[in-house]
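Please work through the questions below with the structure at hand, taking each answer step by step.

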Amino acid sequence: MNIDVLTLFPGMFAGPLDESIVGRARALGRLTLKIHNLRDYTHDRHRTVDDRPFGGGPGMLLKPEPVFEAVEGLVGERTRTVLLTPTGRKLTQAIVRELASAEHILLVCGSYEGFDERIRQALADDEISIGDYVLTNGALPAMVLIDAVARLLPGVLGDESSSVDESFSHGLLEYPQYTRPAEYRGMKVPEVLLSGNHAEIARWRAEQARQRTMECRPDLKGPGSADGQVSVDE
Ligand code: 4FV
């Protein structure tokens, strides 16, 4: 997958996307990432990218010209142009899976009070928000999206199955997990997990996932079924 990012803060991308799983995805050639500075698409001495809103109001807006020039120079046949903006659809694992199947994604980071509306109308294939809060610019949302997508790319996660049976993959939170030691400061690992009885373990895990989801995230209704039951062999 190829990802291009259009931002006013290219320096913010140095570091978080060079390490760990995203770093490995790039090293493996599963992901190519290019960061573009929006100011490189201006032609005036002050490299102007923003201006005051018509009709008055606080703050500044991203002007259309540099963004149009940049996007039109970066999009291809199969590009999905995504605006990062608080007015976008809320990012979920389902949307991440959707984006992970794209060939080329162009991420356009917001800045100032936001985009001139014509950018949204004419250039956006998609608008995504990472949550209902206001950030200083769209760089962190872009990095969040890149991280979430990169780990779903084939061959990136050591064990593909780890992205199959995790939180939100069945619309449920993940079941509790334990590793050695079997007892720590008097806290014991549930017997069923030491039993080797895989059917029992799967039943326990399904029940725990359901309970935890009902307690912590009742807004998550589980895998499409009305009662939220997870069949053990899933
Ligand atoms: C944001 C979000 C976000 C709004 C004003 C950047 C800021 C400035 N983007 N999910 N939440 N963007 O807060 O995606 O343009």
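Q: By class, what does the lining of the largest pocket have?
A: This is a predicted model, and its largest pocket has a volume of about 360 Å³. Of the 22 residues that line this pocket, the closest to its centre are Leu84, Thr85, Pro86, Val134 and Leu135. Sorted by class, the lining comes to 10 nonpolar, 10 polar and 2 charged residues.

Q: Which strand gives the most to the lining of the largest pocket?
A: Two strands, strand 5 (79-90) and strand 7 (126-129), each supply at least two residues of this lining. The strand that gives the most, with 4 residues, is strand 5.

Q: Is Met12 in the nonpolar patch on the surface buried, partly exposed or exposed?
A: Together with Phe9, Tyr133, Leu135 and Leu140, Met12 forms a nonpolar patch on the surface, and these residues have about 430 Å² of accessible area together.

Q: In the salt bridge between the side chains of Glu127 and Arg120, which residue counts as buried?
A: Side chains of opposite charge can pair when their charged atoms come close. Here the side chains of Glu127 and Arg120 meet at 2.4 Å, N to O. Glu127 has 21% relative accessibility and therefore counts as partly exposed, because the cut-off for buried is under 20%. At 18% relative accessibility, the residue that counts as buried is Arg120.

Q: How many residues apart are Glu207 and Arg210 in helix 7?
A: The side chains of these two residues, Glu207 and Arg210, meet in a salt bridge with an N to O distance of 3.4 Å. Both of them are partly exposed, Glu207 at 30% relative accessibility and Arg210 at 21%. Helix 7 spans residues 198-216, and the separation of Glu207 and Arg210 within it, about one turn of the helix, is 3 residues.

Q: Which residue forms a salt bridge with Arg217, and counts as exposed?
A: Arg217 itself counts as partly exposed, at 30% relative accessibility. The closest N and O atoms of its salt bridge are 2.6 Å apart. The partner has 52% relative accessibility and so counts as exposed, given that exposed means over 50%; this partner of Arg217 is Asp219.

Q: Which residues are linked in a network of salt bridges?
A: The structure holds 16 salt bridges. A network of salt bridges links four residues, namely Arg80, Arg89, Glu98 and Asp126.

Q: What distance separates the C-alpha atoms of Ile146 and Leu107?
A: Ile146 lies in helix 5, which covers residues 139-150, and at 0% relative accessibility Ile146 counts as buried. Although Ile146 and Leu107 are 39 residues apart along the chain, their C-alpha atoms are separated by 9.3 Å.

Q: What distance separates the C-alpha atoms of Gly76 and Ala27?
A: Gly76 lies in the loop between helix 2 (64-74) and strand 5, where Gly76 is partly exposed with a relative accessible area of 42%. Along the chain, Gly76 and Ala27 are 49 residues apart, and the separation of their C-alpha atoms is 24 Å.

Q: Is the peptide bond from Arg180 to Pro181 cis or trans?
A: Most residues other than glycine have a negative phi, and most peptide bonds are trans. Pro181 is placed in the loop between helix 5 and strand 8 (183-184). The bond that joins Arg180 to Pro181 has an omega near 5°, and this peptide bond is cis.

Q: Where does Arg47, a residue with a positive phi, lie?
A: Phi of Arg47 is near 50°, a positive value in a residue other than glycine. Arg47 is partly exposed, with a relative accessible area of 34%. Its place is the loop between strand 2 (32-37) and strand 3 (50-51).

Q: Is Arg185 buried or exposed?
A: Arg185 is not a glycine, yet its phi is positive, at about 50°. Arg185 is found in the loop between strand 8 and strand 9 (187-188). With 72% relative accessibility, Arg185 counts as exposed.

How values were computed: Residues numbered from 1 in each chain as written. Predicted model: local features only at pLDDT ≥ 70, side-chain atom pairs only at ≥ 80, totals over all residues. Heavy atoms only, no water. 1 Å grid on protein atoms, 1.4 Å probe; cavity = no way out; pocket = protein on both sides within 12 Å on 5 of 7 lines; lining within 4 Å. Points joined across faces, edges and corners; volume = space filled by probe spheres on them. Nonpolar A, V, L, I, M, F, W, Y, C, P; charged D, E, K, R; others polar. Patch = residues over 30% accessible without salt bridge, like charges linked within 9 Å, V, L, I, M, F, W, Y side chains within 5 Å. Areas by Shrake-Rupley, 256 points an atom, 1.4 Å probe, with all protein chains shown as cover. Buried < 20%, exposed > 50% of the residue type's maximum accessible area, 1.4 Å probe, protein only.
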